[in-house]
Amino acid sequence: QVQLAESGGGSVQAGGSLRLSCTLSGRPFDRYTMSWVHLAPGRERDLVAAIRWDGEEEYYGDSVKGRFAISRDNAKNTVYLEMNRLKPEDTGVYYCNGGQTWPLVDSLGFWGQGTQVTVSS
């Protein structure tokens with residue numbers, strides 16, 4: 001069964017930290033660029049970070065540069081997002097996704113349930 005499973009969200013105060021995890025099953029994880037996408041209330045999904053299949057290249061959106069760090073463990077089929085110095089505007093649902101390109105221009109074609117992050121001021 002092909003699926004994405006995100007976890008690690010929660011409620012924190014501004015300036016706090018969270019670590020998100022996502023596991024991909026049913027696909028060869030080490031052949032996929034993996035990404036994290038942020039869906040803020042009333043807005044479209046926004047790509048915040050991506051990491052190439054070998055872990056050697058990373059991408060960050062301007063709003064998270066210097067605060068978030070993406071990493072992966074191919075032995076565990078898991079991608080992580082370390083979120084530091086969180087701001088209220090980081091609030092929303094975070095989904096992982098990915099594709100077979102670098103830079104990332106495609107997608108897996110399906111989504112997990114996401115994980116909610118709420119940052120209070």
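Predicted model: local features only at pLDDT ≥ 70, side-chain atom pairs only at ≥ 80, totals over all residues.
The model contains an open sheet of 6 strands, arranged in the order E2-E10-E9-E4-E5-E6, with mixed pairing. Strand E2 (10-13) and strand E6 (58-60) form the edges, and each of these pairs on one side only. From one strand to the next, the twist averages 25°. Within this sheet, strand E4 (residues 33-39) is joined to strand E9 (residues 92-99) by 7 bridges in the antiparallel sense. In this pairing, Leu39 is placed opposite Val93 of E9.

The loop between E4 and strand E5 (46-51) contains Gly42. This glycine has a relative accessibility of 90% and therefore counts as exposed, the cut-off being over 50%. A distance of 9.8 Å separates the C-alpha atom of Gly42 from that of Gly92, although the two residues are 50 positions apart along the chain.

Aromatic contacts were examined next. A pair of aromatic rings is described by the distance of the centres and the angle of the planes. Across the whole structure, the search finds 1 aromatic pair. The pair consists of Tyr95 and Trp111, whose ring centres are 5.7 Å apart; because their planes meet at 80°, the arrangement is edge-to-face. Tyr95 belongs to strand E9, whereas Trp111 is in the loop between E9 and strand E10 (115-120), so the contact ties together parts that are 16 residues apart in sequence. The two partners fall into separate accessibility classes: Tyr95 is buried, at 11% relative accessibility, while Trp111 is partly exposed, at 37%.

Tyr95 also takes part in a contact with a charged group. The charged end of Arg45 sits over the ring of Tyr95, at 4.8 Å from the ring centre. A further contact of this kind involves Arg19, whose charged end sits over the ring of Tyr80, 4.1 Å from its centre.

Several backbone sites call for separate mention. Most residues other than glycine have a negative phi, and most peptide bonds are trans. In this model, the peptide bond between Trp102 and Pro103 is cis, with omega at about -5°. Pro103 is located in the loop between E9 and E10. Asn77, which is not a glycine, has a positive phi of about 55°. Asn77 lies in the loop between strand E7 (68-73) and strand E8 (78-83), and its relative accessibility of 28% means that it counts as partly exposed. Arg85, likewise not a glycine, has a positive phi of about 50° and is found in the loop between E8 and E9.

Conventions:
Residues numbered from 1 in each chain as written. Heavy atoms only, no water. Pairing = 2+ DSSP bridges. Helix = DSSP H or I, 4+ residues; strand = E, 2+ residues; numbered from the N terminus. Axes fitted to C-alpha atoms, helices over the stretch in contact; angles between N-to-C directions. Phe/Tyr/Trp six-rings, centres within 6.5 Å; stacked < 30°, edge-to-face > 60°. Buried < 20%, exposed > 50% of the residue type's maximum accessible area, 1.4 Å probe, protein only. Lys NZ or Arg CZ within 6 Å of the ring centre and 35° of its normal.
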